[in-house]
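Morning, everyone. I have one structure to walk through today. Please bring it up on the screen.

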Amino acid sequence: MNKKDNKAGFTLIELLVVMLIIGILTTVVLALLANARSKGKDGAIKQELASLRSQAELYYNESAFSFNLLFTTNNTWASANAKVGAILAAINNKSTVHSAGSSVNAWAAQARLVLNTTQYACVSNANSVKISGTAMAAGATVCPP
């Protein structure tokens, strides 16, 4: 006598278990990708602030040894200098919370980080990129401690 096995496919329970496992794995991968993307943005913000420091030094040398008006009206996130303006725009695409200030002898710029929004990266003529938990006031020319 020939017996046929009627079990030709997966049961509903088996399919649901596989779909559940795929859903969990997808969630984990997406969470890791979002975290990596935020870390990448933070790295780019820090790098662009370091570039801003180099451009500010060039501005200083070209502007009769003065940082005056490095930022428009000395306290806005804009600059009449095209290269400085391009760096500010690049940072603005990653972090919309930022401030800057300049005077004759000093300047500083700060942008909020993406991964930890309570942290700020700041750069000035006195120091390289520094991380702080304190926001800088518009027009300030010194990074907060």
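Which side chain does a polar contact of 2.7 Å join to that of Ser102? The partner is Asn74. By polar contact I mean a pair of N or O atoms within 3.5 Å; within protein, one must be able to donate a hydrogen and the other to accept it, and residues adjacent in sequence count only if both atoms are side-chain atoms.

A word on the source. This is a predicted model, where local features need pLDDT of at least 70, side-chain atom pairs count only at pLDDT 80 or more, and totals for chains, interfaces and linings use all residues. Residues are numbered from 1 along each chain as its sequence is written, and side-chain values use heavy atoms, with hydrogens and water left out.

Now the layout. The protein has 2 helices and 4 strands. The order along the sequence is α-α-β-β-β-β. These are DSSP runs, numbered from the N terminus: helices are H or I with at least four residues, strands are E with at least two.

Next, the overall dimensions. The C-alpha atoms fill a box of roughly 105 × 30 × 20 Å along the principal axes. The radius of gyration is 26 Å, while a compact globule of 145 residues would have one near 15 Å. That radius is taken over C-alpha atoms, and the globule rule is 2.2 Å times the number of residues to the power 0.38.

Back to Ser102. It sits in strand β1, residues 98-102. Is Ser102 buried or exposed? Ser102 is buried, because its relative accessibility is 5%. The cut-offs: buried is under 20% relative accessible area, exposed is over 50%, partly exposed is in between, with a 1.4 Å probe and protein chains only. Across the protein, buried residues make up 29% of the 145.

A polar atom of the Ser102 side chain also lies 3.4 Å from the backbone nitrogen of Phe71. Leaving out residues up to four places away in sequence, Ser102 touches Phe67, Leu69, Leu70, Phe71, Asn74, Trp107 and Thr141. Contact here means heavy atoms within 4.5 Å.

Leu69 deserves a stop. It belongs to the loop between α1 and α2. Most residues other than glycine have a negative phi. Leu69 counts as partly exposed because its relative accessible area is 46%.

Phe65 lies in the loop between α1 (12-62) and α2 (82-92). Its phi is positive too, about 55 degrees. Phe65 counts as exposed, at 53% relative accessibility.
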